[in-house]
Amino acid sequence: MVKYKLNYFDVAGRAEPIRLLFHYNNQPFEDFRFKKDEWPKIKSKYIFGKVPVLEVDGKQLAQSGAILQFLGKKFGLSGKNEWEEAKATEIIFLCDEMGYTIEPYIDAKFGFREGNEKLRKDVFLPAIERYFPIYEKRLEESNSGFILPSGLSFVDFSVAHLIKMMNEMEKDLKFKYPKLVDYSKRFYSLPQLKEYLKIKI
């Protein structure tokens, strides 16, 4: 039996879509979490010196998008054909791009750097205006209620989580992008996630 160990800080962040994917598939895994002050001591043990890192029978795989794509294939959630898988990967890369774009604002909001309000106006809000219409258009075109026409796939775990986080930080999003907020809520209502989300609450 394959042994999975997910390594990340003791927060939701970039690892949460991966945790959700494991729980959706009822796949046992070790959810190894550590505190921010522990990071300097253990950073060197991870490839690229970054997390999340998924260990698969002791072998390391980095980058959240790559991990989601790998597990999506394992769990049969990578679309109905190669084209759909490629289109899912396309959006995963876009999620990563948005994540890195807004990272300075997220750091400021949680006290890791200064400039909260300025970064909100100069970085965070422009990023939402750039990326959210792309997610919305893809969702409308799919006609499935999810990002791919064939239904739920690994990319939804990333997009729905991203929208949920952004909506919690910027409450007006539900008025400007109601379809995306409803999509995220629908994703988080999936019965396969119920037990895990109950524990988180």
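I began at Asn167. Leaving aside neighbours within four places in sequence, I find Asn167 in contact with Leu173, Lys174 and Val181. The model is predicted, and I read every entry that way.

I looked up where Asn167 sits: in helix 6. Buried or exposed? Asn167 counts as buried, because its relative accessibility is 15% and the cut-off for buried is under 20%.

Next I checked what helix 6 packs on. Helix 5 (residues 116-142) and helix 6 (residues 154-169) pack at about 140 degrees, with axes 12 Å apart. The crossing of the two is left-handed. From helix 5, Phe124, Phe132 and Tyr135 take part; they meet Val159, Leu162, Ile163, Met166 and Met169 of helix 6. I sorted the residues of this contact: eight are nonpolar, none polar and none charged.

I see an open sheet of four strands, order 2-1-3-4, with mixed pairing. Strand 2 (30-34) and strand 4 (59-62) are at the edges; each has a single partner strand, so one side of each lacks a neighbour in the sheet. From one strand to the next, the twist averages 25 degrees.

Strand 1 (residues 4-9) and strand 3 (residues 53-56) run antiparallel and are joined by four bridges. Leu6 stands opposite Leu54 of strand 3.

Two helices lie across these strands. Helix 1 (residues 16-24) lies across strands 1, 2 and 3, at about 150 degrees to strand 1. Helix 3 (residues 64-74) lies across strands 1, 3 and 4, at about 115 degrees to strand 4.

Last, the record. UniProt, in an unreviewed entry, lists residues 2-79 as "domain: GST N-terminal". Over residues 2-79 I get 31% helix and 24% strand, with the end C-alpha atoms 23 Å apart.

Notes: Residues are numbered from 1 along each chain as its sequence is written. This is a predicted model: local features need pLDDT of at least 70, side-chain atom pairs count only at pLDDT 80 or more; totals for chains, interfaces and linings use all residues. Side-chain values use heavy atoms; hydrogens and water are left out. UniProt positions are given in the numbering used here, feature names are shortened, and annotations may be inferred rather than shown by experiment. Axes are lines fitted to C-alpha atoms, for helices over the stretch in contact, and angles run from 0 to 180 degrees between N-to-C directions. A crossing is left-handed if the near helix is turned anticlockwise from the far one by less than a right angle, and right-handed if clockwise. Contact means heavy atoms within 4.5 Å. Ala, Val, Leu, Ile, Met, Phe, Trp, Tyr, Cys and Pro count as nonpolar, Asp, Glu, Lys and Arg as charged, and the others, Gly among them, as polar. Buried means under 20% relative accessible area, exposed over 50%, partly exposed in between (1.4 Å probe, protein chains only). Two strands pair if DSSP finds at least two bridges between them.
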